[in-house]
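Hi,

Here is the model we talked about, with a few notes to follow. Have a look when you get a moment.

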Amino acid sequence: MSVPPPIPSTFARANAPTYVIGHKNPDADSICSAIAYAAFKEASGQKGYVAARCGNSNARIDAILQRFGVSLPVFVGDVNPRVEDIMQTNPFVVSINDTCARALEILDEHDLRALPVIGREGQLEGYVSIFALGDYFIPKPKIATSMRKVTSSIDAIVQSIKGKAVAIFDSTQINELYVRIAAMELESFGKSATKEGIPNNKSIIVVGDRNDVHQRAIEMGVRLIIVTGGHQMSKECLAFAEEKKVSVVYADTDSATTAWAVRAATLIGNLIQRDAPLFQAQEKLSVARRRIVQSNALICHVVNEDGKLIGVFSKSDILKPVHHRLVLVDHNELSQAVDGANEVEIAEVIDHHRLGNPHTNQPILFVNRPLGSTCSIIADMFKTANLKPSPQIAGLMMCGIISDTLLLQSPTTTPLDSELLNWLSRLADTDARALADMIFNTGSVLANMSADAAVRADCKLYTENNYRFSVAQVEELGFNNFWKAQEGLLEGLEKYRRENGLHFSALLVTDIDTQSSLLLIRGDSEVIHSITYAQKQPPYIFDMPGIVSRKKQLLPYLTSLLGQSATNS
């Protein structure tokens, strides 16, 4: 009855990649910069970086990727650590038919405190702990028979004492037996068992080379005689034992050691503890932590949908770091990041927006430059490192720059953006203006999306002066599609605001041709009334000529209004 092999690692993860990931509701710069930075890492000889996204694509992004033959980054909607991230997927286990001796051997060899117990059909029965075994081997002294009790089979006893079976009867039958060392005079032998009420056929006699005791034990009809010290029973006694169907086993160890080993042959079925909480591999660690706070179990079991054991973990495992790593591109605020980003390691940030960066436990690479796009920052990294991106990657970075700077017309544009766009254009062998025409003519967001989807397509959440708000932006060629959709957009904004518990939600609709925008806003009346731009259509639509940048123009304006509101309140 050897221990089953460790459970197969059906949920074992390969070395987790480092995801290079943009913000929720990704735009072209977010997607292109994620792909480009993963390529930069690869070109720099750094392995394991994978471009990812935490939001849906759109027609513009799809057209860009199709133009350069690049696949959409892998979708990662949630990086919250899960139970599978900390569980041991090949735990040592014992069978319900294993002995205490086998359990103790595994516990000692691997410095464990508990072992899962697997049933005859492979199902999880519970666990056996070092403390339960201790209680068994050192029971309460008031119960004398508990020091002698063994629940086992003769086969298991032979294995436990490493003995030699000489005469065996019903060797697989499991019985409740009581072990005694025959150290007294022959006249006293058997009296103690009678006094304790132990039937002879439930007695195990551990004895050395005492032929008289052998003879008397056989006459009594004991269940098993173990002859210790390397001695043997006489041929006459052995024949008598076989006639009376008394099992006989030889052991090389002394009587005291043998008696202890016999007790260790007890099957662990009666020592199983069933208070361990059960978990699914995909359960969030934050939930698991709350569940095990009140548990005194030494081990936690992870089971599959069939209830079969696939892993284990302990309370101390909950505190171990989870090996998820993120590189945030085109954002640095957790409110815009993939769900669960605050629970994992943020290794790097590459961004060109205002600072709202999360707390980190150690220094990280944080690159924040006042350029027109994140793709500009990454293109400059390639150039500074004397690395040439492939034509496809160069083309993607061109698209990020063109999209975020409105082909260098946005007030966020810098001379370096223009210089880098020209450099990339040569590498990609692509004309920037022709590429811009393709990008901005690829489907109107307002014409091809529902109002609800349009206000969420490129939407970012912010917190300023205790105000929580959102600002979305869509870029159109003219306002014709806007006027057809205005009522639905206003309703969609209010719906989004209520769903997310925001003070207000805004949408900037930008006309690329005229370099002007319309602002739609729903929510806090004090903020709306403080807007100084002319109302295009009262009370929620404002005309904003010359305003095309959410980051450099609209957001600073809104935060100044919030600062005034906070001062006046």
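Helix H2 (residues 59-67) packs against helix H15 (residues 432-440) at an angle of about 140°, and their axes are 9 Å apart. Helices are DSSP runs of H or I with at least four residues, strands are E runs of at least two, and both are numbered from the N terminus. Axes are fitted to C-alpha atoms over the stretch in contact, with angles from 0 to 180 degrees between N-to-C directions. H2 is therefore oblique to H15 (under 35 degrees is roughly parallel, over 145 roughly antiparallel, 65 to 115 roughly perpendicular, the rest oblique). Arg60, Ala63, Ile64 and Arg67 of H2 meet Leu435, Met438, Ile439 and Phe440 of H15 (contact: heavy atoms within 4.5 Å).

This is a predicted model: local features need pLDDT of at least 70, side-chain atom pairs need 80 or more, and totals for chains, interfaces and linings use all residues. Residues are numbered from 1 along each chain as its sequence is written, and side-chain values use heavy atoms, without hydrogens and water.

On to the cavities: there are two of 30 Å³ or more (sets of points on a 1 Å grid over the protein atoms alone where a 1.4 Å probe fits but cannot get out; lining residues have an atom within 4 Å of a point). Points are joined across faces, edges and corners, and volume is the space filled by probe spheres set on them. The largest holds about 60 Å³, and its lining includes Asn332, Asp351, Arg354 and Lys551.

Best wishes

Conventions:
1 Å grid on protein atoms, 1.4 Å probe; cavity = no way out; pocket = protein on both sides within 12 Å on 5 of 7 lines; lining within 4 Å.
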